[in-house]
Amino acid sequence: MRTVARVSTAAAVFVASLVPSLVQAQARPSAAEIVAKYVTAIGGEAEIRKVTSMKQLATMEVPSMGMSLSMEAYSAAPNKMSVKTTIPGMGEMLQGYNGTVGWDVNPMAGPRLLADKELQQQVDNADFYASMLYPADRFTSMETVGDTTVDGDKAYIVKMIRKSTGMESRSVFSAKTGLIVGSSSTIVAQGGTIQVSQAVSDYKRFGGVLIATKMTQTMGPQTMLMSIQDVIINGAPESAFAVPEQVKPLIKP
C-alpha cells in the first residue's frame, strides 16, 4: 500500500508541476489568430489585395566590412521578383524570378540559373502575398511554439514549415501591436545553407499597407543593416522582371 501511495503522490506532484506550463500554453493564441491579427495590423486583407506590385529603394550597410550598398527591389503578383544590388567598386548583383526562370548574377562568380532547392526558395520568395497574408495553403504547418520579450514587450513565436520546400522558419509577432518584430530561418545558398535571423522595426504606411523599413540581419559573423527609403505601391514595370542579358545564353531552348 505504501508503494501505491508513493506512486500516487509522485504522479500528483508530476501533474502539478505541469499545470503552470499547461496554463501558459493554453493562454497563447493560435498561429491562425496571430497571423489574422498581423494581417489586420498592416492594413487588412482588402487593402493588401489592392497592392499588386511594389518597387522598393533601400540601402544596406555591412559595418564589419565598411561597406554600403544600394538596392532596388521589385515584386509583383502572383510570383515575380527581382533585386539589383550595387556594390561600389565591384558592380551589380542581380537576383530574380520571372514566373519561370530564376537567376543569380554575381560580379565575382558570373551569371547562373537557379535550380533545385535554390530555385524553389526563389519561387517562395517571389510569392507576392505569402509574407503579407500568410495563406494557410502555403504551409504544411503553422504553430505557436513559445513567447519572448522584444524591447520590453511580449511577443509570440510562430513556427512555419513551407509546403513547397519543407524549410522551417520562425516569425516573432508583437503581442501588443500584432506586427512582426523578428524572424529566423535557414536559407539555401550556393555551396550550402546559412542560418539567418533578423530584427524588424520602423513600420511606415505606404498606400494602405504598413511595411517595416528597418531590418538588422545576422548571418553567421556578419551583421547587415537595411533601411528602406521608399516604397512605390503598384510601381513595378513588367520590364523589371526581364531575364538579364548575361543569363539568356544559359537558358536551354
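Predicted model: local features only at pLDDT ≥ 70, side-chain atom pairs only at ≥ 80, totals over all residues.
Local features need pLDDT of at least 70 and side-chain atom pairs count only at pLDDT 80 or more, while totals for chains, interfaces and linings use all residues. Residues are numbered from 1 along each chain as its sequence is written, and side-chain values use heavy atoms, with hydrogens and water left out.

Arg112 takes part in a salt bridge with Asp104, where the closest N and O atoms are 3.7 Å apart. Arg112 also pairs with Glu118, at 2.8 Å between the closest N and O atoms. Arg112 has a relative accessible area of 18% and is buried (buried, under 20% relative accessible area; exposed, over 50%; partly exposed, in between; 1.4 Å probe, protein chains only). Asp104 is buried at 9%, and Glu118 is likewise buried. A salt bridge also joins Glu92 to Lys84, with 3.9 Å between the closest N and O atoms. Here Glu92 is partly exposed, at 38% relative accessible area, and Lys84 is partly exposed at 29%. Asp124, Asp127, Asp137, Arg138 and Arg162 are linked in a salt-bridge network.

Leu113, Leu250 and Ile251 make a nonpolar surface patch of about 200 Å². Patches consist of residues with over 30% relative accessible area and no salt bridge, like charges being joined within 9 Å and nonpolar side chains (Val, Leu, Ile, Met, Phe, Trp, Tyr) within 5 Å; accessible areas come from the Shrake-Rupley method with a 1.4 Å probe, only the protein chains shown counting as cover for residues. Ile251 lies in the segment after strand 13 and is partly exposed, at 35% relative accessible area.

The second largest pocket holds about 310 Å³ of space. On a 1 Å grid over the protein atoms alone, a pocket is an open set of points where a 1.4 Å probe fits, with protein on both sides within 12 Å along at least five of seven lines; lining residues have an atom within 4 Å of a point. Grid points are joined across faces, edges and corners, and the volume is the space filled by probe spheres set on the points. The lining of this pocket comprises 22 residues, with Asp151, Val181, Ala199, Val200 and Ser201 nearest its centre. Strand 11 contributes the most to this lining, with four residues (strands are DSSP runs of E, at least two residues, numbered from the N terminus).

Technical notes. Salt bridge = Lys/Arg side-chain N within 4 Å of Asp/Glu carboxyl O.
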